[in-house]
Structures are given as C-alpha cells and as structure tokens.
Amino acid sequence: MKTYETLVAEALTVVPEILPWDLQSRLEQAPAPLLLDVREPEEYAAMHIPGSLHAPRGILEAAAQWGFEETLPELVRARDSEVVVICRSGRRSALAGRTLVEMGFKQVQSLKMGVRGWNDDGGALEDADGNEVDPELADEYFRARVRPEQMGP
Ligand SMILES: O=S(=O)([O-])[S-]
C-alpha cells in the first residue's frame with residue numbers, strides 16, 4: 001500500500017518543481033509557459049492565477065487529448081512546450097503532472113507550494129469574475145481545516 005505522501009514523492013521524481021518566485025520571473029519572458037490549474041471547479045472559481053487554464057484532475061486525461069468533450073485544445077497543443085501544473089499546495093499538481101508526462105508531455109513542471117505559496121510570495125490571484133483577490137482573504141481561504149475526525153485513530 002502506498003500513502004498519499006509516497007505517491008506525491010514518486011511523482012516528483014519525474015516532475016520537476018518550480019518555485020513561485022521563479023515562476024514569476026519565468027512569466028516575464030516569452031514564450032510564457034502554459035499555466036494549468038487542476039483544482040476543483042469551486043477552488044478555481046474562488047481564486048486562481050490570472051491567465052491559468054482550468055482542467056480539474058478528474059477530467060485531466062480527456063482534457064489533454066484530442067477527441068473528447070473535455071478536450072482543451074490549448075492544453076493538447078502544449079504537448080511539446082512548457083506546462084506548469086498548479087494546485088493548492090503542490091501535491092495534486094505533482095500527481096497530475098506525472099499523468100501528463102506519461103501522456104507524452106515533454107516539459108511539465110509542478111508549482112511548488114501551489115497557489116498558496118504563490119499568494120505568500122505576493123503573486124496576484126483573481127476570482128471567477130476577474131476581480132483581484134485580497135491576499136489576506138486568500139491566505140485565510142488556503143488555511144488547512146482538518147477536523148479532528150479526519151486525523152485518524
Ligand atoms: O493537493 S494540494 O497540494 O492542493 S492540498
């Protein structure tokens with residue numbers, strides 16, 4: 001049996017990470033990498049990095065291939081170029097990144113610390129209407145809320 005942590009650690013052996021401040025500088029150079037947010041729809045709607053494409057992990061494989069209702073042409077076309085996968089804290093993005101690597105994507109990176117780290121580093125976030133999100137509200141939104149019964153025996 002593998003734990004969540006083990007699965008993420010294994011994924012990170014094939015998916016390099018990029019730090020938020022390095023992504024900020026990377027975005028200043030052309031061509032910019034494709035930013036792919038794989039969080040759930042309500043998470044993306046609440047706040048995301050401006051310009052990021054959204055493909056929840058649950059539909060990632062179909063989004064990354066031609067011929068499906070979920071196909072995202074921009075993502076399929078990025079197979080040979082840089083893709084930075086994004087989630088809240090950098091775990092789901094590692095797992096999703098591994099899937100993309102297995103599907104033949106050549107330059108996949110995972111945003112270390114996710115949108116949470118991006119916000120901590122002063123990166124801009126916007127909501128579903130394109131309004132800028134207050135960094136302090138974002139900080140509160142990203143705070144982990146693990147209930148006692150979720151901690152296990
Ligand atoms: O999976 S996660 O890093 O977004 S909490």
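At what angle do the axes of helix 1 and helix 6 cross, and within what distance do they come?

Modeller: This is a predicted model, where local features need pLDDT of at least 70, side-chain atom pairs count only at pLDDT 80 or more, and totals for chains, interfaces and linings use all residues. Residues are numbered from 1 along each chain as its sequence is written, and side-chain values use heavy atoms, with hydrogens and water left out.

Now the helices. Helix 1 spans residues 4–11 and helix 6 spans residues 92–102. Their axes come within 8 Å and cross at roughly 50°. Axes are lines fitted to C-alpha atoms, for helices over the stretch in contact, and angles run from 0 to 180 degrees between N-to-C directions. Helices (H or I, at least four residues) and strands (E, at least two) are DSSP runs, numbered from the N terminus. Helix 1 and helix 6 are therefore oblique to each other. Angles under 35 degrees count as roughly parallel, over 145 as roughly antiparallel, 65 to 115 as roughly perpendicular and the rest as oblique. The crossing is left-handed: the near helix is turned anticlockwise from the far one by less than a right angle.

Next, the ligand. Y4, C87, R88, S89, G90, R91 and R92 surround it, each with a heavy atom within 4 Å. From Y4, a polar side-chain atom lies 3.1 Å from a ligand oxygen. From G90, a backbone N or O atom also lies 3.1 Å from a ligand oxygen. For R91, a backbone N or O atom lies 2.9 Å from one.

Key:
A polar contact is a pair of N or O atoms within 3.5 Å; within protein, one must be able to donate a hydrogen and the other to accept it, and residues adjacent in sequence count only if both atoms are side-chain atoms.
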